Amino acid sequence: MTNPMGVDTLIEITYLIATALFILSLKWLSSPTTARRGVFAGEAGMALAIAGTLLHRGIVDYKWVAIALVLGTIIGIPLGKVAMTAVPQRTALSHAFGALCVTLVGTAEFYLRAPNIAPFMMAVLSMEVILGSLTFTGSLMAAGKLQEILPQRPITYKGQNFVNLALLGIAIIIAVTLVLHPEQTRLFPAMIFIPLIFGVMLVIPIGGADMPTVISLLNSYAGLSAAAMGFVLDSKLLIIAGALDGSSGFILSVIMSKAMNRSFTNVLFGGFGQIQTSAAGGQEARPVKSATPEEAAAILSAASKVVIVPGYGMAVAQAQHKVREMYDALTKKGVDVTFGIHPVAGRMPGHMNVLLAEADIPYDKLLEMDQVNGDLAQTDVALVIGANDVTNPAARTDAGSPIYGMPILDVDKARTVMVIKRSMAAGFAGIDNPLYYLDHTLMLFGDAKNFVGNIVRELAGSAG
Amino acid sequence: MKLDLLTSVYVFMLAAFIGFEVIRRVSPLLHTPLMSLTNALDAIAVVGAIILAGEHKSNFSAILGTIAIVAATSNVVGGFIITDRMLKMFKSSGPKKS
C-alpha cells in the first residue's frame with residue numbers, strides 16, 4: 001500500500017491522455033493525408049489506457065486477464081486481415097463482439113451489486129444490457145446475411161412491427177420494474193433474453209440493399225451501450241469513447257437514411273427494409289439496345305470524359321482490379337475518368353471507396369454524388385457497373401415508384417450510358433429501371449469482371 | 001454520488017457534441033475506415049472487463065469478465081489492423097504533395 005493515491009492518479013492521467021488521443025484520432029481521420037496518424041493516436045491511447053488499467057490496485061488475479069488478452073489478440077489478428085470484400089461482415093461481427101463485452105460486464109455488475117442499486121444506476125445498467133444484447137444478436141444476424149450464411153432475402157410476415165414493438169415494450173417494462181425493485185433479481189435474465197430475440201427479429205426483415213443503414217444503426221447502438229457501461233463503472237474514458245462511437249454511428253445512419261430517402265424516425269425505430277416489390281406490372285419485354293465489348297471499347301476511347309458508377313455488383317464479381325486496368329488504359333489515351341459513388345452503394349458506408357482504393361485507384365478520382373451530378377450532363381459516357389437503384393431515374397420522375405425521392409446519380413443525363421449487367425432480371429429490390437430502355441443507353445450483358453476484362457483487351461488491341 | 005452521475009451526464013453530452021462535430025468532417029471517402037476505427041476505440045470497454053476479471057469478486061463475474069476481455073481485445077487488435085490496412089490503400093494521384 002505504498003502511496004496508493006499516487007497509483008490512482010497515475011491511472012487517471014493515462015485515461016485522460018487516452019481520451020485526448022481518441023478525439024485527435026477521429027479528428028485526423030477526417031482527411032486521407034492525416035488518417036494514418038489518426039490510427040496511430042488511437043493505438044497509443046488504447047495501449048496507454050490498458051497499461052494504466054493493469055496498475056489498478058483491485059486486480060488480484062492477473063493470470064486470466066493475461067490469458068484473455070492473448071486469446072483476444074489471437075482472434076483479432078485474422079479478423080484484421082480479412083479480404084476487403086469481407087469488410088462489411090467483419091464490421092458487423094465486431095459490433096457483435098463489442099456488444100457482447102458490454103453485456104457480459106453489465107450482467108456481472110448487476111449480480112455483484114444487487115439488490116443495492118440506486119434507481120439511476122439501475123436505469124443505465126438496464127440500458128447497457130438491453131442495447132448490448134440486441135446489438136449482439138442483431139449484428140450476428142447482419143454478419144450472417146452479409147457472409148451469405150443466412151438468406152439475404154428480407155423475411156417479412158404479418159404483424160412483424162407489432163411483434164417487434166411488443167418485445168421491446170416487454171424489455172422496457174422489465175427494466176422499469178427492476179429500477180423500482182432491484183431486489184427482483186430473477187427478472188434480470190429476461191431483460192437479456194428478450195432483447196436477444198428482439199435483435200434477431202429486427203434484422204430478419206432487412207435486405208442486402210439496406211445493410212449500410214443497419215450496420216450504421218447497430219454501430220450507434222454499440223456505442224451507446226458502451227457509454228451506458230461507462231456510467232455504470234463511473235469511467236469517463238468509456239463514456240467519451242462510447243459517445244464518440246455512438247455519434248459516429250448516428251451520423252452515418254442519418255447520411256444513409258437521407259441517401260435512401262427514409263425519414264429519420266424510420267431509421268431510429270428500425271423501420272427499414274420495408275420496400276415491397278410493387279413491380280407487378282411492366283414486365284413486358286421492352287426493347288433494349290445492347291453492345292459488345294468491342295463497341296463499348298470504341299465508344300470509351302472516343303470519349304473525353306467518362307464517369308464510372310460502381311455498385312455492389314462490382315464487389316460480388318470482384319471486378320475492381322479489372323476496372324483499375326480499364327481506368328489505366330483509358331487514362332493513358334487521355335480520357336478523363338472519374339468515379340461517381342453513391343452514399344449507399346455497396347453493403348456499408350464507404351464500401352466502394354475501400355474496394356477501389358484497394359485496386360490502386362487514386363482517391364481524388366472517387367467523387368461523391370453531389371460532385372458528380374453537376375458534371376454528368378457534360379459527360380460523354382457514364383458506365384454503370386453492378387449498380388441499379390442508385391441510378392434509377394424513376395426516383396426523380398415517377399411518383400409511384402417505391403424509391404421516388406431517393407437522391408440518385410443522374411447517369412441518364414450523360415450523352416451515352418452503358419450498363420454492365422448479368423441479365424435483364426429485376427434487381428434486388430425488384431424495381432424496374434427505366435434507365436435501361438433509354439435511347440442512349442447500351443446494355444452490356446455479362447459478368448462484370450469478364451466484360452471489363454474484354455474491354456481492357458480491346459483497348460489494348462486498338463492501341464497497338 | 002448524485003453529483004458524480006450528473007458530471008457523467010455532462011461528460012457524455014459534451015463528448016457527443018465533439019463526436020458530432022469531428023465526425024461530420026470525415027469525408028465519405030473514409031466512412032468504412034471511420035466505422036472500423038470507432039469500433040476499435042469503442043473496445044476501450046476492455047478496461048472495465050479487465051478490472052472485472054482481475055478483481056475476481058466472484059467466480060461468475062471473473063468468468064464473464066474474462067470472456068468480455070477476449071471479445072473486446074479481438075476488436076481492438078482486429079479493428080486497428082484493418083483500419084490501417086485500408087488507409088494505406090488510399091493514395092492520391094500524381095506525386096504532387098500539397
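How many bridges join strand 1 (residues 305-310) of chain A to strand 2 (residues 336-341) of chain A? In this predicted model, local features need pLDDT of at least 70 and side-chain atom pairs count only at pLDDT 80 or more, while totals for chains, interfaces and linings use all residues. Residues are numbered from 1 along each chain as its sequence is written, and chains are lettered from A and ligands numbered from 1 in the order in which they are written.

The two strands run parallel and are joined by 4 bridges, where pairing requires that DSSP find at least two bridges between two strands. Helices (H or I, at least four residues) and strands (E, at least two) are DSSP runs, numbered from the N terminus. A:Ile308 has A:Phe339 of strand 2 as its bridge partner. Strand 2 of chain A is also joined, by 3 bridges and in parallel, to strand 3 (residues 366-368) of chain A; here A:Ile341 is partnered by A:Glu368.

Chain A is divided into domain 1 (1-81), domain 2 (85-276) and domain 3 (293-463), with bounds from an automatic or database domain assignment. In chain A, 20 residues of domain 2 are in contact with 18 residues of domain 3 (C-beta atoms, placed from the backbone, within 7 Å). Helix 4 (87-113), helix 8 (211-233) and helix 9 (236-259) of chain A each supply at least two residues of the side of domain 2 that touches domain 3.

Terms used:
Contact = placed C-beta atoms within 7 Å.
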